[in-house]
Amino acid sequence: MNKATKEPIKNVKVWIILGVLFAMINPWYFPQSFEEILIYGIPLWAVVIIIASLLLSAYLSYVLKYHWVIEEEQEEAETKGEK
Amino acid sequence: MDMELAFSGWSGILILVIYGFIMLGVGIVTYLRNKGIHQSLEEYYLGGRGLGVMVLFFTFFATQYSGNTVVGYPPSAYRQGFEYLVSVPFFIMIIVAYLLFAPRLYSMGKKYKLVTPAQWFEKRFKSKAVTILASFLMLYGLGNYLLEQLVAIGQGVDGLTGGTVPYQVGVIFFVVIMIIYGWLGGMRSVAYTDTMQGIALLLGVFMLLIGSIVYFGGLPTSADYMQAYSPEKLGIPEGPGLVNWFGMLVLIGIGAAVYPHAIQRIFAAKSERALKQSFSRMAWMPFLTAGVVFIIGIIGINAYPDLSTGESEQLVGMMASAIANQNALFYWAMILLFGGVIAAIVSTADSVLLTFSSIVSNDLYGSYINPEASEQKKLLVGKLVGVAAVGILVWVAWYPPGTLYQIFVLKFELLIQIAPALILGLYWNRLHTKAVFAGMLTGTIAASVMTLAGISFLGLANGLWGLLLNLIICVVGSMVMSVSVMEEKEAKQVIGM
């Protein structure tokens with residue numbers, strides 16, 4: 001039974017990707033010109049931060065769904081058993 | 001400030017009363033349907049571990065997004081400009097922090113039927129000192145948090161009604177309602193009202209956004225203004241601004257994830273799947289909430305230029321009033337928002353109060369003062385102490401401290417100190433109990449002293465320095481003192497994964 005379990009914290013790949021995304025949501029890598037260019041009233045650097053944030057949310061949804069399986073299978077089996 | 005206030009009539013008061021009665025109704029219906037819940041800590045504080053995806057999601061949502069997000073964040077965006085965009089990713093960081101511990105903690109909660117976070121400390125470290133220190137930190141942090149919500153209820157009612165309903169009346173009205181429905185239905189009442197309150201808030205905020213864009217001009221108009229008069233508000237955060245950004249992401253990510261009332265919701269989940277799906281939705285919410293209120297604050301820069309810090313705190317009230325004056329649709333939309341903001345504050349406060357009571361019931365009274373007591377008696381003590389605490393806090397709220405932001409940081413600084421024990425304890429069998437206690441205590445003292453004395457290093461929040469110290473002591477202390485083979489084996493058995 002334990003073979004099937006997946007815990008996100010044990011997955012190094014997940015944390016490398018989260019590390020990269022974390023670096024991207026901090027505004028340390030922008031050239032000065034990025035504050036002068038405005039896209040619909042939003043400075044370019046802020047647009048990039050928003051996109052990086054969206055990527056982070058998307059990746060989190062993916063990890064939650066596919067890389068966290070500890071109790072789920074057993075719980076599903078129990079629910080089916082009850083019915 | 002001289003302005004016409006749209007909410008000074010009966011409609012504002014009417015909507016407050018309607019919201020209040022709906023909340024009461026939820027409490028009464030929950031009470032009638034679940035009469036057995038007052039005999040069991042699990043039933044009362046965790047809703048019988050039966051919260052499904054939707055209710056669980058909204059109750060997580062309500063613990064993390066408060067009326068403060070709507071009323072307090074736009075003024076910050078107003079003052080700091082785009083640097084305050086950090087409020088969007090920092091809410092996403094909370095979910096990153098959950099990935100560190102929620103999966104395993106859910107399993108532990110299920111295995112040992114845990115009701116409170118401190119109960120896990122008791123199970124893992126078997127140390128009275130650690131459990132009591134952690135409980136006190138949580139109670140103090142929760143108390144501060146509750147105080148902040150009470151102040152916000154008063155300011156919200158007062159600000160959004162343009163002073164028609166005085167601060168004190170607003171606080172008392174909602175506190176009484178909150179205590180009644182919390183008392184009647186426990187976690188179920190709280191979670192169901194959270195759902196209603198969350199929906200009202202989301203609708204209201206969207207209408208405020210639309211109204212702001214229509215009547216004050218959208219982001220491009222505001223950007224033109226900033227370019228001309230305050231270009232620094234469009235600037236890329238540098239130096240201290242960048243450090244502050246980074247600090248906020250870490251502090252709030254970990255801090256808000258280890259909120260005791262947030263941890264408790266992990267235990268209340270019906271299933272792992274429900275918990276995962278709720279988190280997954282939460283990962284997207286920052287764009288719909290923090291992002292939207294950020295835009296409102298930025299629009300405010302153009303709509304109401306040159307406000308002082310004190311005046312800017314009233315920004316949302318001013319904007320909502322002006323929008324409501326335009327036509328009947330916006331008038332009622334702003335009334336809805338007005339109710340939604342207050343409801344959101346109440347929904348955060350009720351979660352905090354419930355967790356506060358549960359720590360008293362289970363960890364202090366139930367574990368140390370009178371372990372022989374029946375669950376019914378433990379519950380009653382928790383409820384009564386909760387009510388007494390609210391009474392004291394309401395008294396303090398009569399004289400609200402400065403701006404909302406400062407008290408916000410103070411509670412994080414203490415609550416975050418339980419993070420090393422919680423997170424390391426789940427994975428590291430060799431974590432030494434004494435090191436945990438020393439780290440938690442030192443971190444708390446360091447963060448508190450720094451805050452009270454007004455010391456700051458490198459622009460990072462004091463809570464982070466305390467946390468760092470705490471973590472170092474936990475890790476180094478555990479290596480130096482080395483746990484006995486017995487203890488390590490025991491820890492391994494407790495975790496069992």
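These legends go with close-up views of a predicted model.

**View 1. Where chain B meets chain A.** Start with the big picture of this contact: 43 residues of chain A and 42 residues of chain B take part. Put together, the two chains bury about 3,900 Å² between them, and 71% of that comes from carbon and sulfur atoms. On the chain B side, look for L99(B), I236(B) and K276(B), which lose the most area to chain A and together make up 19% of what that side buries.

**View 2. Polar links across the interface.** Two salt bridges are counted between chain B and chain A. One salt bridge pairs K110(B) with E71(A), whose closest N and O atoms sit 3.3 Å apart. There are also 13 residue pairs in polar contact across the interface of chain B and chain A.

**View 3. The helices on chain B's side.** The elements giving two or more residues to the side of chain B that touches chain A are α5, α9, α10 and α12 of chain B. Of these, α5(B) supplies the largest share, with 13 residues. Sort the residues on that side by type and you get 30 nonpolar, five polar and seven charged.

**View 4. Two helices inside chain B, α8 and α18.** The axes of α8(B) (residues 167-216) and α18(B) (residues 375-397) come within 11 Å and cross at roughly 170 degrees. Because angles over 145 degrees count as roughly antiparallel, that makes α8(B) roughly antiparallel to α18(B). From α8(B), the residues that meet α18(B) include Y167(B), V171(B) and W183(B), while the α18(B) partners include L380(B), K383(B) and A397(B). This contact has twelve nonpolar residues, one charged and no polar ones.

Notes
Residues are numbered from 1 along each chain as its sequence is written. Chains are lettered from A and ligands numbered from 1 in the order in which they are written. This is a predicted model: local features need pLDDT of at least 70, side-chain atom pairs count only at pLDDT 80 or more; totals for chains, interfaces and linings use all residues. Side-chain values use heavy atoms; hydrogens and water are left out. Contact means heavy atoms within 4.5 Å. Buried area is the accessible area (1.4 Å probe) that two parts lose on being put together, summed over both. A salt bridge is a side-chain nitrogen of Lys or Arg within 4 Å of a carboxyl oxygen of Asp or Glu. A polar contact is a pair of N or O atoms within 3.5 Å; within protein, one must be able to donate a hydrogen and the other to accept it, and residues adjacent in sequence count only if both atoms are side-chain atoms. Helices (H or I, at least four residues) and strands (E, at least two) are DSSP runs, numbered from the N terminus. Ala, Val, Leu, Ile, Met, Phe, Trp, Tyr, Cys and Pro count as nonpolar, Asp, Glu, Lys and Arg as charged, and the others, Gly among them, as polar. Axes are lines fitted to C-alpha atoms, for helices over the stretch in contact, and angles run from 0 to 180 degrees between N-to-C directions. Angles under 35 degrees count as roughly parallel, over 145 as roughly antiparallel, 65 to 115 as roughly perpendicular and the rest as oblique.
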